[in-house]
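I opened a notebook for this structure. These are my entries, in the order in which I looked things up.

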Amino acid sequence: MTQIFDNPADFADDALDGFVAANRGYVARVDGGVVRSTEVPAGQVALVVGGGSGHYPAFAGLVGPGLATGSACGNMFASPAAGQVYRVAKAANAGGGVLLSYGNYAGDVLHFGQAQLRLNAEGIETRTVTVTDDIASAPIEQLEKRRGIAGDLTVFKIAGAAAEAGLNLDDVERLAIKTNYRTRSLGVAFDGCTLPGAKDPLFHVPAGQMSLGLGIHGEPGISEHPMPTASELAELLVAKLLNDKPEDAGHRVVAIVNGLGTVKYDELFLLFGKIEKLLTSAGLTVVEPECGELVTSLDMSGLSLTLLWLDEELEQYWAAPADTPAFRKGSMSPRAARTETTADDAEAADVEQPTPAAAELGRQAVAILAQVRDVVVEHVEELGKLDAIAGDGDHGIGMRRGVDAAAAASEAAAGSSAARILTAAGEAWSERAGGTSGALWGSALIAAGLSLGNRETYTSEDAAAAVDAFVSAITELGKADPGDKTMVDALLPFRDTFLTELDGGAPVDRALAVAAAAAESAAAKTAELRPLKGRARPLAEKSIGHPDPGAVSFGLIAARISQFIYSQLATDSQLATASSAAAAGNGARA
Ligand code: ADP
Ligand code: MG
């Protein structure tokens, strides 16, 4: 249980500030996390790691030469927001591209994914390798669905060493993928952990019991066992991991015994000794092992075993030196302090100079976002009720939080281009909304904004590209297929109709009206579908006969934007007619 804090809500931020104060020779604070405070050679690949706070040394403790270049640090056990990842990556970038690496959790995938889209769109080449080492979280045939636990360390370490050695982004990515593929972990818990300020632990393991495969945030385990002896525990962990070994496993392995928070080092060492013997008698050679706290879970009582099956190349990078606040290996030549203030530079590079015409288009984007806010506010309750049928009931309030923040951010940015308005709105939306739909809406607005760019006029091709970018962001990040019963079932008909109408020569307002009608009727039709993605999946049967909340909200928003644009055009053309009549009148008089 944590007891040292002023305000529990500020725990993660305050702890990170203090961590930086204690490690200025290694790290500097940026908005959203930390980056190295030492010089990074120009052209070196930047390894940006991250995730929720509460897992120290993961993730900020692993920033330094030979390991990570930066870490995006979310709230306690919560993914960093996309904007945080983006800012950390921008500050970490040294011109060689960015590799994002983090444990495979839905929230992190959405937020890091959104940051990646944005970085790539800005010309900073960015790739992702998610860590999927936890064998308890999915069967081996579904390796890509497994979540990441202490295997973070092997993937980060080898990718970081490869970057330090000057390898290019392709090779650093390839090594990270290979390391992840050859890494397996399994954890056990003896008792739960308590979030700062909370009265009760997130979960409990009954006294005298051990939960096998329990996740680092209390996700359910795969089985409960009476508390074993150390030798029995060692046998269990080793047997399960060896049973799950990668196809082309060799005979040399890294073994990591990781404490999750309150297990004493003496206990970890005791267990490590037993594990090493078992591995050796299974014919394996243990290479440069680790035993200690590497990826923790606040004050959780538990531990995990990780094995990485090495090959020659991986062994070279595992053995390479690294020097970070929490992880040191070998000896590294001292690094000069980084001179520039990275966060400010990242901001400075962003300053745009819109022309008056571009700023006027930006103002129209602000007006459209205000309409989006109004229509969401009008339907908050209805959307919440729909989501409560088979989901968690928060779609109305989640959308409202997101859209309120987005509309406010767009107003604050008024005077800039439509691109800037939409990216600011998208960032605010995903940062404030929480939930899946918020992250997706945020990404989609940013993608549409980046596609529009800072321009003085937009053609119908530009409108088509922006709609396509909006929809693609959602399908790429959310990975829902048509028929899964998500907002994608309204988005695809919307996009396809819009593009077909434009191809057929319809003006943008007309194409939008037809597309919005298609979205609304497709949203209504989702009532027939059974949910296959998102939180409604476990209660699939209940949802039949009711439309998907995300599809419904999209249909409502599309319809409102279309009506608004139509009314604007009507006003504009009345004005135009009036002024040309006036001009004609003037002409007649002249
Ligand atoms: P949460 O599901 O996190 O509670 P919301 O309730 O705000 O978030 O949003 C639920 C909606 O999000 C669903 O109705 C669905 O339309 C959409 N959604 C969920 N998962 C996905 C996905 N993977 N891709 C696209 N849309 C999704
Ligand atoms: Mg919900």
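The entries below go from the chain as a whole to the ligand and then to single residues.

**Ground rules**

I am working with a predicted model, where local features need pLDDT of at least 70, side-chain atom pairs count only at pLDDT 80 or more, and totals for chains, interfaces and linings use all residues.

**Domains**

I looked up the domains first. The chain is divided into domain 1 (8-329) and domain 2 (351-581); these bounds come from an automatic or database domain assignment. I find 36 Å between the two domain centres, taken over C-alpha atoms. Contact means heavy atoms within 4.5 Å. By that rule, 13 residues of domain 1 are in contact with 14 residues of domain 2.

**Ligand 1**

Which residues are closest to ligand 1? I get Asp394, Thr436, Ser437, Met487 and Asp548, out of 20 residues that surround the ligand. To be listed, a residue needs a heavy atom within 4 Å of the ligand.

I then checked polar atoms. A polar side-chain atom of Asp392 lies 2.9 Å from an oxygen atom of ligand 1. Asp394 also places a polar side-chain atom 2.9 Å from a ligand oxygen. Thr436 uses its backbone: an N or O atom there lies 2.8 Å from an oxygen atom of the ligand. The protein covers 95% of the 560 Å² of accessible area that ligand 1 has on its own. That area comes from the Shrake-Rupley method with a 1.4 Å probe.

Two helices give two or more residues to the shell: helix 14 (435-452) and helix 19 (549-589). Helices here are DSSP runs (H or I, at least four residues), strands are E runs of at least two, and both are numbered from the N terminus. Helix 14 gives the largest share, four residues. By type, I note six nonpolar, eight polar and six charged residues in the shell. Asp, Glu, Lys and Arg count as charged; Ala, Val, Leu, Ile, Met, Phe, Trp, Tyr, Cys and Pro as nonpolar; the others, Gly among them, as polar.

Is helix 2 (residues 82-92) mostly covered or mostly open? It is mostly covered, with eleven of its eleven residues buried. Buried means under 20% relative accessible area, exposed over 50%, and partly exposed in between (1.4 Å probe, protein chains only). Among the buried residues are Tyr86, Arg87, Lys90 and Ala91.

The backbone oxygen of Ala91 lies 2.8 Å from a polar atom of the Arg338 side chain. Arg338 sits in the loop between strand 15 (328-329) and helix 9 (342-348). Arg338 counts as buried because its relative accessibility is 15%. Leaving aside neighbours within four places in sequence, its contacts include Arg36, Glu39, Ala92 and Asn93.

Most residues other than glycine have a negative phi, and most peptide bonds are trans. I looked for exceptions.

The peptide bond from Tyr56 to Pro57 is cis, with omega near 10 degrees. The bond from Ala58 to Phe59 is cis too, with omega near 10 degrees. Pro57 is in the loop between strand 3 (46-53) and strand 4 (70-76), and Phe59 is in the loop between strand 3 and strand 4.

Phe77 has a positive phi, near 55 degrees. Its place is the loop between strand 4 and helix 2. With a relative accessible area of 17%, Phe77 is buried.

Lys485 has a positive phi near 65 degrees. I find it in the loop between helix 15 (460-478) and helix 16 (488-503). Is Lys485 buried or exposed? It counts as buried, at 3% relative accessibility.

**Ser430**

My last entry is Ser430, in helix 13 (residues 418-433). It is buried, since its relative accessible area is 4%. Its side chain makes a polar contact with the side chain of Gln114 (3.3 Å). A polar contact is a pair of N or O atoms within 3.5 Å; within protein, one must be able to donate a hydrogen and the other to accept it, and residues adjacent in sequence count only if both atoms are side-chain atoms. Beyond four places in sequence, Ser430 also touches residues including Ala82, His111 and Gly442.

Methods
Residues are numbered from 1 along each chain as its sequence is written. Chains are lettered from A and ligands numbered from 1 in the order in which they are written. Side-chain values use heavy atoms; hydrogens and water are left out.
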